[in-house]
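Please keep the structure in view while reading.

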Amino acid sequence: MAYGGTNVNPLAATGGSTTVRQVKLEKECELRVEASADSPLRLRLLTGTAEIFGTEIPPGIWLNFPPRLKFAVFTWYGATIEMDGSTETDYTADETPMISYINVHAVLDGRRNRAKASPSDSDTSQGPRVIVVGPTDSGKSTLSRMLLSWAAKQGWKPTFVDLDIGQGSITIPGCVAATPIELPIDPVEGIPLEMPMVYFFGHVTPSANIDHYKVLVKELARTLETQFSGNAESRASGMVINTMGWIEGVGYELLLHAIDTFNATVILVLGQEKLCSMLKDVLKNRPNVDVVKLQKSGGVVSRNAKVRQKARSYRIREYFYGPSNDLSPHSNVVNFSDLFIYRIGGGPQAPRSALPIGAEPAADPTRLVPVSISRDLLHLVLAVSYAKEQDQIISSNVAGFIYVTDIDLHRKKITYLAPCAGELPSKNLIVGTLTWIEN
Ligand SMILES: Nc1ncnc2c1ncn2[C@@H]1O[C@H](COP(=O)(O)OP(=O)(O)OP(=O)(O)O)[C@@H](O)[C@H]1O
């Protein structure tokens, strides 16, 4: 496999701006923008062709960007862009790693074509299973997005798997999820939400319950495997798997677990030599696995803990109210007895009397524990499980989420916000530590 590469060295930043203006981009250059926090920004393509993270911008049409969105408008052949509104920052860069990224896409495309050509052979009919790894803020989600959009543009239907429970892009935080990508991803609306497969972990870091996290990753992989076995098109299109930025210690173990569980065949390592050489070493006996180092883009914006927390809140808000406040969630009041709430993990595994002398009862990380309704549930986000039976809850995907807005202990009533009116698809709910303060 041959992958090219270039250095990253952005041109001088021009800082934030508020005027209507035109920006001329030379071929293979990009305009990097951070939309302002409190005023609108719109942008349109005047001449040439350009794309935002792999999705072509339609000529002449104004695109409206939500506050704080960070993105780049890249052109392969040259373009003129018009911007209207204010930005925190915007500047052009003439050195990007885009050539090396598109080279990766070309290799993946070849593999998809080979897989398509032999649909009945179970070994060769599998398209590339790409996993993108690297430290926090190395551009993993962005690269995943580009690879998916370029593939979709060519008619493939790759599956996007997002294992990043902190800053995932398929649904709310605290979940591992997958969805087929049938069209290039909309630069403003993001990943389409028609039919994602979502498993709720309920925490924003896997360290809250490593075993539970692994169980969910396995369940997701198992479900996708079943879907692939009956769908040659999805199988040939393959997967792009986005991961967390936790790459040390247990985080590294979880990366290896994900590589194994999804049978990844291409590992793209962004911006870290050490991780790349560790992975090459540990996978050297697997000739069908390629470990490829790629440059991190100079445009990737670092986000501190506060910014990440805000982004999580924003994702939850977006789930209930829509990206442009275009959805109307419903507030419902039900009796405590109408819902069965569970958490995963905790509680002694076996009574002390059943253990060998001297052994301490350990908490079972994957035990289903019924939760009695109290004011502790206030402001928590709960998942509605598809499971019909209790013992299926841990291995079931979820239908959606509710947000607890009031607990009336006296009347034994719980008030919650749900994305739509009517009864919940199931009474079995899962709770973790995912909170949200609506503002
Ligand atoms: N070339 C670019 N120009 C401008 N902004 C960019 C560029 N590439 C990425 N970004 C922005 O930088 C931020 C971080 O990128 P991204 O989310 O891809 O990183 P990550 O490695 O997935 O992060 P995490 O630490 O959450 O795993 C995002 O807001 C993204 O839109």
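Predicted model: local features only at pLDDT ≥ 70, side-chain atom pairs only at ≥ 80, totals over all residues.

**Helix H5 and its surroundings**

The buried residues of H5 pack against strand S10 (129-133), helix H3 (210-229), strand S15 (266-270) and helix H6. Those buried positions of H5 are Gly251, Tyr252, Leu254, Leu255, Leu256, His257, Ala258, Ile259 and Thr261; because nine of the twelve residues of H5 are buried, this helix is largely enclosed by the rest of the structure. From its first C-alpha to its last, H5 reaches 16 Å, which is close to the 16 Å expected for twelve residues at 1.5 Å a residue. After H5 comes Asn263, with a positive phi near 50 degrees.

Among these partners, H6 can be followed in detail. Two packed helices are described by the angle between their axes and the distance between the axes. For H5 (residues 250-261) and H6 (residues 273-282), the angle is about 50 degrees and the axes lie 12 Å apart, which makes H5 oblique to H6. The crossing of the two helices is right-handed. Tyr252, Leu255, Leu256 and Ile259 of H5 meet Leu275, Met278, Leu279 and Val282 of H6 in this contact, and by class it holds eight nonpolar residues, with no polar and no charged ones.

Eleven of the 14 residues of H2 are buried, so H2 is largely enclosed by the rest of the structure; the buried residues include Lys140, Arg145 and Trp150. Just after H2, Gly155 adopts a positive phi of about 95 degrees.

Methods
Residues numbered from 1 in each chain as written. Heavy atoms only, no water. Axes fitted to C-alpha atoms, helices over the stretch in contact; angles between N-to-C directions. Helix = DSSP H or I, 4+ residues; strand = E, 2+ residues; numbered from the N terminus. Parallel < 35°, antiparallel > 145°, perpendicular 65-115°, else oblique. Left-handed = near helix turned anticlockwise from the far one by under 90°. Contact = heavy atoms within 4.5 Å. Nonpolar A, V, L, I, M, F, W, Y, C, P; charged D, E, K, R; others polar. Buried < 20%, exposed > 50% of the residue type's maximum accessible area, 1.4 Å probe, protein only. Expected span 1.5 Å × (residues − 1).
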